[in-house]
Amino acid sequence: MPQENEHKPEKGTTQAAEHIAGARQILRALQEKIGEHPEIGVAITKLEMALNDLAVQTGGLL
């Protein structure tokens, strides 16, 4: 039986993480098609940082 004070991620946070993960996959696929491009690399890095921030904020419950 779950406890009432058990921490659960908010729906918005989970959806944000899913959107970030999807965007990262799309950018990786694009990078494979067109080759290395500095702006795509920066975008991927920023998405990974955002996803890490969300993981920290939710206690890794994404």
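Visitor: Which residues are exposed on the other side of α2?
Guide: Those are Pro-38, Glu-39, Lys-46, Asn-52, Val-56 and Gln-57. Keep in mind that this is a predicted model.

Visitor: OK, and which residues of α2 are buried?
Guide: In α2, the buried ones are Ile-40, Ile-44, Leu-47 and Leu-54. Looking down the axis of α2, you'd find its buried residues within an arc of 85°, so they line one face of the helix.

Visitor: Why do residues three or four places apart point the same way?
Guide: An α-helix has 3.6 residues a turn, so residues with that spacing point the same way.

Visitor: How many residues does α2 have, and how far does it reach?
Guide: α2 has 20 residues, and from its first C-alpha to its last it reaches 29 Å. That's close to the 28 Å expected at 1.5 Å a residue.

Visitor: And what follows α2?
Guide: Gly-59 follows α2, and its phi is positive, near 70°.

Visitor: Let's zoom out. How many helices and strands are in the chain?
Guide: You'll find two helices and zero strands. The helices are α1, covering 11–34, and α2, covering 38–57.

Visitor: What makes up the largest nonpolar core?
Guide: Seven residues do: Ala-17, Ile-20, Leu-27, Ile-40, Ile-44, Leu-47 and Leu-54. Both α1 and α2 supply at least two residues of this core.

Visitor: Which helix gives the most to this core?
Guide: That's α2, with four residues. As a general pattern, nonpolar side chains tend to be buried together in soluble globular proteins.

Visitor: What share of the chain is buried?
Guide: Buried residues are 16% of the 62 residues in the chain. As for the accessible surface, the chain has about 5,000 Å² of it, and 55% of that belongs to carbon and sulfur atoms.

Visitor: What is Gln-31 in contact with, leaving aside its neighbours within four places in sequence?
Guide: Gln-31 is in contact with Glu-36, His-37, Ile-40, Gly-41 and Ile-44.

Visitor: New topic: how many salt bridges does the structure hold?
Guide: There are two salt bridges. In one, the side chains of Arg-24 and Glu-48 meet at 2.9 Å, N to O. That pair links distant parts of the chain, since Arg-24 is in helix α1 and Glu-48 is in helix α2, 24 residues apart.

Visitor: And which side chain meets Glu-48 at 3.2 Å?
Guide: That's Arg-28, in a salt bridge with the 3.2 Å taken N to O. Arg-28 lies in helix α1 and Glu-48 in helix α2, so this pair ties together parts 20 residues apart in sequence.

Visitor: So which residues are linked in the network of salt bridges?
Guide: Arg-24, Arg-28 and Glu-48 are linked that way.

Visitor: How exposed are they, in relative accessible area?
Guide: Arg-24 is partly exposed at 28%, Glu-48 is partly exposed at 26%, and Arg-28 is partly exposed at 33%.

Visitor: Last one: what share of contacts between residues at least 6 apart in sequence join residues at least 24 apart?
Guide: In this chain, 50% of those contacts do.

Terms used. Residues are numbered from 1 along each chain as its sequence is written. This is a predicted model: local features need pLDDT of at least 70, side-chain atom pairs count only at pLDDT 80 or more; totals for chains, interfaces and linings use all residues. Side-chain values use heavy atoms; hydrogens and water are left out. A nonpolar core is a set of buried Ala, Val, Leu, Ile, Met, Phe, Trp, Tyr and Cys residues joined through side-chain atoms within 4.5 Å. Buried means under 20% relative accessible area, exposed over 50%, partly exposed in between (1.4 Å probe, protein chains only). Contact means heavy atoms within 4.5 Å. Accessible areas come from the Shrake-Rupley method with a 1.4 Å probe; for residues, only the protein chains shown count as cover. A salt bridge is a side-chain nitrogen of Lys or Arg within 4 Å of a carboxyl oxygen of Asp or Glu. The expected span of a helix is 1.5 Å times one less than its number of residues. The arc is that of the directions from the helix axis to the C-beta atoms.
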